[in-house]
Amino acid sequence: MTGGLPGAAPDERPHPDGRRNSQGVRIDPEVEAEPEPRRAVLSATVKHEPGVLAAVSGLFSRRQFNIESLTVGPTEDENRARITLVIEEPDPGVEQAKKQLEKLIPVISVTELEPTASQRELALIKVDGEAPDQVQSVAEMYGGEAVDASQETVTVEITGSRQKINAAVDTFRRFDIREVVRTGTAALERGAEQTQ
Amino acid sequence: MSEQVPPTTQTEAEAAASDEAAEDTPEGVTTGASSVVRALENTGAEYLFGVQGGAIMPVYDALYHSDLNHVTMAHEQGAAHAADAFGIVSGDPGVCLATSGPGATNLVTGIADASMDSDPMIALTGQVPTDFVGNDAFQETDTTGVTDPITKTNYFAGDEDTVGDVVGEAFAVASEGRQGPTLVDLPKDVTQAETDVEPGEAETPDTYNPPEEADDDAVEAAADAIAAAEKPVILAGGGVIKGEATDELRAFAREYEIPVITTMPGIGAFPEDDDLSLEVAGMHGTGYANMAITHCDVLVGIGTRFDDRLTGGVDSFAPEADVVHVDIDPAEISKNVHADYPLIGDAGRVIDQLDDELDRRPDPSDRYAEWREQVGAWKDEYPMDYATPDDEPLKPQFVVEVLDEATDDDTVVTTGVGQHQMWAFQFWTYTEPRTWVSSHGLGTMGYGLPAAIGARLAADDDQSVVCFEGDGSFLMTIQELSVAVRENMDITVAVLNNEYVGMVRQWQDGFFEGRRMASEYSWCPDFAKLAEAFGARGFTVADYDGVEDAVAAAVEYDGPSVIDFHIDPEENVFPMVPSGGKNGKFALKADHLDQL
């Protein structure tokens, strides 16, 4: 290689000690400060038009956000839909997710819901139908009900918090689960507070 | 009796002729396509860059009657780059057109390029008729799907009565707030369908409200930090130019005597011949800019997204600095580098806000005096230089300097991507905004020539346009020379020809033990002869003696000219911060790379 410029070599120059973490936050060199991921529930109102969901899911996949669930449906206003997104990210990632979401032109507003918000999920659990009575009683324990029964299987519907669904799925394992489908979380702020 | 034809008959003939013309030029909107054209006319667009084709033909037909100037490009990629450069130089969105399928996909590189650099641009693509959409019809591509990640927003225009409004909205969205490319996909049945609905005024949707002024408390806190600093620097990005904030930036920096660094897209935001200028920081930035970034205690970033080519490894970027970050896009705040003082708003307005706040405090510029002295010492310690003995092969840096000397300060420089691009910014002194047109974020080889075509049409007639290309980069879009010749565009192309894809060769030598896999380009054509074949002027220069004459002749020539400079094939770009490295540990020569 030819060429080159005058000046002190790299190691002959002064270098500061300070540094930043992988998120670009300036940190004490003595302290490791990599942020821990947390679960965040984001609620977005969007224009009710084709392509919005694709834009949102595409945004999240190409930025490698770890989505736990994404639900979408119409609202009281026929021109608007609501998307509820649950992500697991460190704080800077959650902030990025919100801001990137807000940037999409058809997105009207984005808020992060409090952990106390009403959060519900629906699951359909299809189990072996050898003991329908027992399946029915377990379903009742979780406030659910059988919605389909055949010679071989019983399908149960459970609605509730994510933890409750997890617990129900665990409990139903004793009946040999054949299939499970879950909708992902839908959420609204509690009380009279409007979910923006 | 023909001699006695009364004058009134002539008038009637004229009237008949003008009636015929009126029939040729319908006044109102008649089809979706004419609504598209009307919407473009309403925005004040002057030029369209495109390539015709099946699904976009109704729009071309509507253009037949329009005063809009359509520039037929040799390839759709060229159309997109030309529109992009038009947007950079003029400040108004450039417009490009292509047909469906391959036309649209050929635009993709140019759209992605504009997206990465936040350049205002609108792309109009033909699409197969609505009934065929989704059926893999001939020349069908899911264009909105493909371009979703690389547009600010895009539209599938499904209704002839609203298609004009959609085009207007796309135009408005492209230019407001953080600028960027938008796309409207135009199904052929929609553009062919009859409608008499005139498009309304071009406006952004009501959900789009870019912020203007930063929060007062945040401004106050940032001003406190700047006033308390001892080693501040300003880092001006492309947003300063896009936000028309160069006057505010210059006044602010000079009032408080704060050294200014620019990013590559920010070149021209601050004059590089000013004492306060440290030019460009980053991978191939100046040693003094990178030293200043590494040692500053407050860094005022304005309109920059802290790209990794600027920051190096983020853990070592400005490790002692509190970061004030001014940006119109809230999503840029703390995306790559944490902002201690986020100021979300229009660059010019926020600089004014900061200025007002600082004026309420004692003048801090004395406190910065020692820092300015240190920065000056770094300028002396790490000068930008190169060796020029006569017996050496021609150095590319010399070529850049000669062209700079031979042209005015307001000359627009466009570049391809590679070593030549780096020399073009390192050894040319930029003093005005919108005179540096390059592909930064995407790093698109072949950008320079089509960009020069767009820049030529956006620039004033008395502004020169110089395009730097490398041999490998030039070969990628050389067909656009036909357009420059056809339109007789006064463009000087300087090919810094080292018979390598030079930057790849430099990295292979530096990081791959010299294995020059696929980077030797000794098979390139004779560019001067090729230029002549296209109908342009061609020159070949292989030594120092020929440079000035060829430059003078090419600059003088009123039309496109190409100078093929055979430069030192082994010359490398320094300083260099290896990818992900520390800005303060830049290499000044090859053997420094081993120490990093």
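Pro330(B) lies in the loop that runs between strand E11 (322-327) and strand E12 (341-344) of chain B. Please bear in mind throughout that we are looking at a predicted model. Is Pro330(B) buried, exposed or partly exposed? Its relative accessibility is 29%, so Pro330(B) counts as partly exposed, given that this class falls between 20% and 50%. As a sense of scale, Pro330(B) and Pro393(B) are separated by 63 residues in sequence, and their C-alpha atoms are 49 Å apart in space.

Let me turn to chain B as a whole. Chain B contains 24 helices and 18 strands. Its radius of gyration is 26 Å, close to the 25 Å that the globule rule gives for 596 residues, so chain B is as compact as a globular protein of that length. Along the principal axes, the C-alpha atoms of chain B fill a box of roughly 95 × 60 × 55 Å. Of the 596 residues in chain B, 60% are buried.

I come next to the aromatic residues. A pair of aromatic rings is described by two quantities, the distance of the centres and the angle of the planes. Over all chains, the search finds 17 aromatic pairs. In one of them, the ring centres of Tyr47(B) and Phe86(B) are 5.9 Å apart and the planes stand at 65°; the pair is therefore edge-to-face, since that class begins over 60 degrees. Tyr47(B) belongs to strand E1 (residues 47-50) of chain B and Phe86(B) to helix H4 (residues 76-90) of chain B, so this pair ties together parts that are 39 residues apart in sequence. Both Tyr47(B) and Phe86(B) are buried.

Phe86(B) also pairs with Phe49(B): here the centres are 6.1 Å apart and the planes are at 55°, so the pair is tilted. Because Phe49(B) lies in strand E1 of chain B and Phe86(B) in helix H4 of chain B, this contact ties together parts 37 residues apart in sequence. Phe49(B), like Phe86(B), is buried.

Elsewhere, ring pairs link Phe425(B), Trp428(B), Tyr430(B), Trp436(B) and Phe468(B) into a cluster. I would also draw attention to two arginines. Arg13(A) lies over the face of Phe586(B), 3.8 Å from the ring centre. Arg505(B) has its charged end over the ring of Tyr500(B), at 5.2 Å from the centre.

Rolling a probe the size of a water molecule over the atoms shows where empty space is left. How many cavities of 30 Å³ or more does the structure hold? There are 2.

The largest cavity has about 120 Å³ of space. Trp436(B), which is part of the ring cluster, is one of its lining residues, and others include Asp117(B), Asp119(B), Lys242(B), Arg434(B) and His440(B). Which element gives the most to this lining? Helix H10 (residues 238-242) of chain B does, with 3 residues. By class, the lining of the largest cavity comprises 5 nonpolar, 3 polar and 4 charged residues.

The second largest cavity has about 60 Å³ of space. Gly4(A) and Leu5(A) are among the residues that line the second largest cavity, and with them stand residues of chain B, including Asp385(B), Trp423(B), Phe427(B), Glu571(B) and Phe574(B). That lining divides into 5 nonpolar, 4 polar and 2 charged residues.

Note on methods
Residues numbered from 1 in each chain as written. Chains lettered and ligands numbered in written order. Predicted model: local features only at pLDDT ≥ 70, side-chain atom pairs only at ≥ 80, totals over all residues. Heavy atoms only, no water. 1 Å grid on protein atoms, 1.4 Å probe; cavity = no way out; pocket = protein on both sides within 12 Å on 5 of 7 lines; lining within 4 Å. Points joined across faces, edges and corners; volume = space filled by probe spheres on them. Helix = DSSP H or I, 4+ residues; strand = E, 2+ residues; numbered from the N terminus. Nonpolar A, V, L, I, M, F, W, Y, C, P; charged D, E, K, R; others polar. Phe/Tyr/Trp six-rings, centres within 6.5 Å; stacked < 30°, edge-to-face > 60°. Buried < 20%, exposed > 50% of the residue type's maximum accessible area, 1.4 Å probe, protein only. Lys NZ or Arg CZ within 6 Å of the ring centre and 35° of its normal. Rg over C-alpha atoms; globule rule 2.2 N^0.38 Å.
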